[in-house]
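Subject: Handing over a structure

Dear colleague,

I am passing on the structure below, and after it you will find a description of how some of its parts are arranged. Please keep it open while you read.

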Amino acid sequence: IEENKKIPEQNLLNIVNEISDQVDRAASIIARLRDFGRKADFSREKVGINKPIKSVVEIVGKQLSLQNIDIDLKIDENIPPILAHDNRLEQVIFNMITNARDAINQKQEAGMESGNRVISIRSFMEDDRVAFTVSDTGIGIPESDRERIFEAFFTTKEMGEGMGLGLSITNGIVKDYGGDIAIESEEGEGTTMKITFPCAPSVS
């Protein structure tokens, strides 16, 4: 256009449609971030765990991609709802994914062979409970720290990189909804955090 050259109409249409799609995507992410930033509601309602997982992945997916971290998402669309609140579950998932990202970057900063930089997210049924896991290929958690990571202000990160409140808050939210957190980790290999919740009671 600046050179006064003729642009084929189909090319122009394709560009305009792509711009429109990107604006819609940006507006959607901004709306999600606005919701995410609101004060959490402590009420309980039936929530499908996949919805907040997808929402957080949409918010952070591009940022992770720019850091050469892949997301491997496998969710069970048939799992039943739980009694929780969408916004607070997003806080839990966001914290778990950002911790996984930090662990992957810490491994690289430590000069260790990084290999695949992947965060794997799964949702599934385990016995009669709804479960989801966030796994990373990061630096891992030393065995001596695993019992303390849910303590307020405990952190394995460098000074100024974290206050040590994320997992403490996450643990509190999970417990509020009758959930449990389990951690499996191997130093230098990565960590898997698994959260399970009771299913919402069905109305007969």
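Before the helices come up, one term is needed: an axis here is a line fitted to C-alpha atoms, for helices over the stretch in contact, and an angle runs from 0 to 180 degrees between N-to-C directions. Please also bear in mind throughout that this is a predicted model.

In that sense, helix α3 (residues 86–109) runs at about 25 degrees to strand β5, and it lies across β4, β5 and β7. Strand β5, which spans residues 129–136, is mostly covered, with seven of its eight residues buried.

The strands belong to an open sheet of five, in the order β2-β4-β5-β7-β6, whose pairing is mixed. Its edge strands, each pairing on one side only, are β2 (70–75) and β6 (180–186), and neighbouring strands are turned by 15 degrees against each other on average, direction ignored. Helix α2 (residues 50–66) also packs on this sheet, where it touches β2, β4 and β5, and its direction makes about 165 degrees with that of β2.

With best wishes

Terms used. Residues are numbered from 1 along each chain as its sequence is written. This is a predicted model: local features need pLDDT of at least 70, side-chain atom pairs count only at pLDDT 80 or more; totals for chains, interfaces and linings use all residues. Side-chain values use heavy atoms; hydrogens and water are left out. Buried means under 20% relative accessible area, exposed over 50%, partly exposed in between (1.4 Å probe, protein chains only). Helices (H or I, at least four residues) and strands (E, at least two) are DSSP runs, numbered from the N terminus. Two strands pair if DSSP finds at least two bridges between them. Contact means heavy atoms within 4.5 Å.
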